[in-house]
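Work through the exercises below with the sequence and the coordinates at hand. Each task is followed by its solution.

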Amino acid sequence: MNEELLARSFETHRDHLRSVAYRMLGSLTEAEDAVQESWLKLSRSDTAAVENLGGWLTTVVGRVCLDMLRSRKARREEPWDALVPDPIVSREDAGPEHEALMADSVGLALLVVLDTLTPAERLAFVLRDMFAMPFEEIASVVGRSEAATRQLASRARRRVQGAPVAPDPDLARQREVVDAFLAAARGGDFDALVSVLDPEVVLRADRGLARGGSTEVRGAAAVANQALTFSRLGAGGGVVHRALVNGAAGVVATRAGRPFSVLGFTVAGGRIVEIDILADPDRLSRLDLAVLD
């Protein structure tokens, strides 16, 4: 296959590979790096005997992501358990595009749980439960037997199922709860805030090193107090834009026309169970925030 034809074939798989890499890494920029690395490996390989290019590329990008996760864990340069994954932000009035987004979306809450897994567990879960790859092929990526790979996926599945990561499916109901939360925060109404928060709610915020780094707050009262503090910090010319954040109700806050934070909400049982706030200027600058256009 000549290089031009190979490049066109690769492009037909790019979106799928990006989806795999994002679920593996929780980082949009790292996911793009992983996809690019898979292209480089493809361009240097003899593909004459490859019967299923999509499967071959998925295996390659899986190996690349596994190496990146292992390197990340080994460095431990940042407290990954406290970081907020990169959000995918889109317009709330996307119309027919919304259904496609929801079908392919992965919530921030789920990405946070995936970050608690070992690299091998994460790969086994993502490739099996999200992309239905055969265990035999996953085993070749992690370098384990098929039986051991099944155990990896089983352990990961139990961790995921034990966490409140599934949002209410009704987007209008999600938005109603989020709007009530925002109104209470703006009005400084502590009791109203608590009323829309699950008693075990978790708030994670990544403000960047210059703004105090990453924090995690648990419990309705503590999160309500944090929300009031965050609302005061965002006051003064701030504008809140409705958006979809990883397919769920969220907002993008701007100040002087520039993004100040992205807030993703997980609403379950009519209450907010998780809030993920990205307010790191460097990370915000790398996001596609077309919702603001």
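**Exercise 1: a helix pair**

Helices α8 and α9 are roughly perpendicular to each other. The model is a predicted one.

Task: Find at what angle the axes of α8 and α9 cross, and which residues make the contact.

Solution. Step 1: two packed helices are described by the angle between their axes and the distance between the axes. Step 2: α8 covers residues 135-142 and α9 covers residues 146-161; their axes come within 9 Å and cross at roughly 90°. Step 3: angles of 65 to 115 degrees count as roughly perpendicular, so the pair falls in that class. Step 4: α8 contributes Phe135, Glu136, Ile138, Ala139 and Val142 to the contact, while α9 contributes Glu146, Thr149, Arg150, Leu152 and Ala153.

**Exercise 2: a buried aspartate**

Task: Locate aspartate 280 and determine which side chain of opposite charge is nearest to aspartate 280.

Solution. Step 1: aspartate 280 sits in the loop that links β7 (271-278) with α13 (281-285). Step 2: aspartate 280 is buried, and the nearest side chain of opposite charge belongs to arginine 283, 5.0 Å away. Step 3: a salt bridge requires a distance within 4 Å; aspartate 280 has none. Step 4: the side chain of aspartate 280 does reach the backbone nitrogen of aspartate 282, at 3.0 Å. Step 5: leaving aside residues up to four places away in sequence, aspartate 280 touches Asp206, Arg207 and Gly208.

**Exercise 3: the whole chain**

Task: State how many helices and strands the chain has, and what share of its residues is buried.

Solution. Step 1: there are 13 helices and seven strands. Step 2: of the 293 residues, 49% are buried. Step 3: among contacts with a separation of 6 or more, 64% join residues 24 or more positions apart.

How values were computed
Residues numbered from 1 in each chain as written. Predicted model: local features only at pLDDT ≥ 70, side-chain atom pairs only at ≥ 80, totals over all residues. Heavy atoms only, no water. Helix = DSSP H or I, 4+ residues; strand = E, 2+ residues; numbered from the N terminus. Buried < 20%, exposed > 50% of the residue type's maximum accessible area, 1.4 Å probe, protein only. Lys, Arg positive; Asp, Glu negative; His and termini not counted. Polar contact = N/O pair within 3.5 Å; in protein donor to acceptor, adjacent residues only side chain to side chain. Contact = heavy atoms within 4.5 Å. Axes fitted to C-alpha atoms, helices over the stretch in contact; angles between N-to-C directions. Parallel < 35°, antiparallel > 145°, perpendicular 65-115°, else oblique.
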